[in-house]
Amino acid sequence: QVQLVESGGGLVQAGDSLRLSCAASGRTFSPYTMAWFRQAPGKEREFVAAISWSADYYADSVKGRFTISRDNAKNTVYLQMNSLKPEDTAVYYCAAARTSTRYAGNYDYWGQGTQVTVSS
């Protein structure tokens, strides 16, 4: 089992930045692909970004604005979000998978989510 706990969400204005953190515990963190997903009210959960051993990749909607990183020594993954827009408002979830993938169904472990609200 891998336990994931997100933090760092909040209420910001358009154009501001936030950094989300996801602390992992349980099994060894480093082999897992770590990802961020988000879900806005009335919408399906969508992929935001993921990072494996060899690469990081992003949804087109956040490319150039968001950066995912990981610190294996701290068992933590981060999502730096810059130039935030109102459409980025959602609950952001951290997830862990044994394979490198952007499909939510392939992720084995999920955090409880952290709310990000961007006002215009």
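Modeller: Strands (E, at least two residues) and helices (H or I, at least four) are DSSP runs, numbered from the N terminus. This is a predicted model, where local features need pLDDT of at least 70 and side-chain atom pairs count only at pLDDT 80 or more, while totals for chains, interfaces and linings use all residues. Residues are numbered from 1 along each chain as its sequence is written, and side-chain values use heavy atoms, with hydrogens and water left out.

Biologist: Good. Which residue in β6 does A50 stand opposite?

Modeller: A50 faces Y57 there. β5 and β6, which is residues 56–58, pair in the antiparallel sense over three bridges, and a hairpin of four residues joins β5 to β6.

Biologist: And how many bridges join β4 to β5?

Modeller: Five, with β4 (residues 33–39) and β5 running antiparallel. F37 has F47 in β5 as its bridge partner. The hairpin of β4 and β5 has six residues between the strands, and G42 takes a positive phi near 75° in that hairpin.

Biologist: How many of the six residues of β5 are buried?

Modeller: Five of the six, so β5 (residues 46–51) is largely enclosed by the rest of the structure. Buried means under 20% relative accessible area, exposed is over 50%, and partly exposed is in between, with a 1.4 Å probe and protein chains only.

Biologist: Back to the aromatics. How many aromatic pairs are there?

Modeller: Six. The rule is that rings of Phe, Tyr and Trp (its six-membered ring) pair if their centres lie within 6.5 Å; planes under 30 degrees apart count as stacked, over 60 as edge-to-face and the rest as tilted.

Biologist: How do the rings of F37 and F47 sit?

Modeller: Their centres are 5.7 Å apart and their planes at 75°, so that pair is edge-to-face. F37 is in β4 and F47 in β5, so the contact ties together parts that are 10 residues apart in sequence. F37 is buried at 1% relative accessibility, and F47 is buried too, at 11%.

Biologist: What about F47 and Y57?

Modeller: That pair is stacked, because the ring centres of F47 and Y57 are 5.8 Å apart and the planes lie at 25°. Here the link runs from β5 to β6, so again it connects parts 10 residues apart in sequence. Y57 counts as buried, with 17% relative accessibility.

Biologist: Which residues do the ring pairs link into a cluster?

Modeller: F37, F47, Y57, Y107 and W110.

Biologist: Switching topic: what's the strand order in the open sheet of four strands?

Modeller: β1-β3-β8-β7, with antiparallel pairing. β1 (2–7) and β7 (66–71) are the edge strands, each pairing on one side only. The twist averages 15° from one strand to the next; axes for that are lines fitted to C-alpha atoms, for helices over the stretch in contact, and angles run from 0 to 180 degrees between N-to-C directions.

Biologist: How many bridges join β7 to β8?

Modeller: Six, between antiparallel strands, with β8 covering residues 76–81. I68 stands opposite L79 in β8.

Biologist: Last one: how far apart are V118 and K85 in space?

Modeller: 6.1 Å, C-alpha to C-alpha, although they are 33 residues apart in sequence. V118 is in β11 (residues 114–119) and is buried, with a relative accessible area of 5%.

Terms used
Two strands pair if DSSP finds at least two bridges between them.
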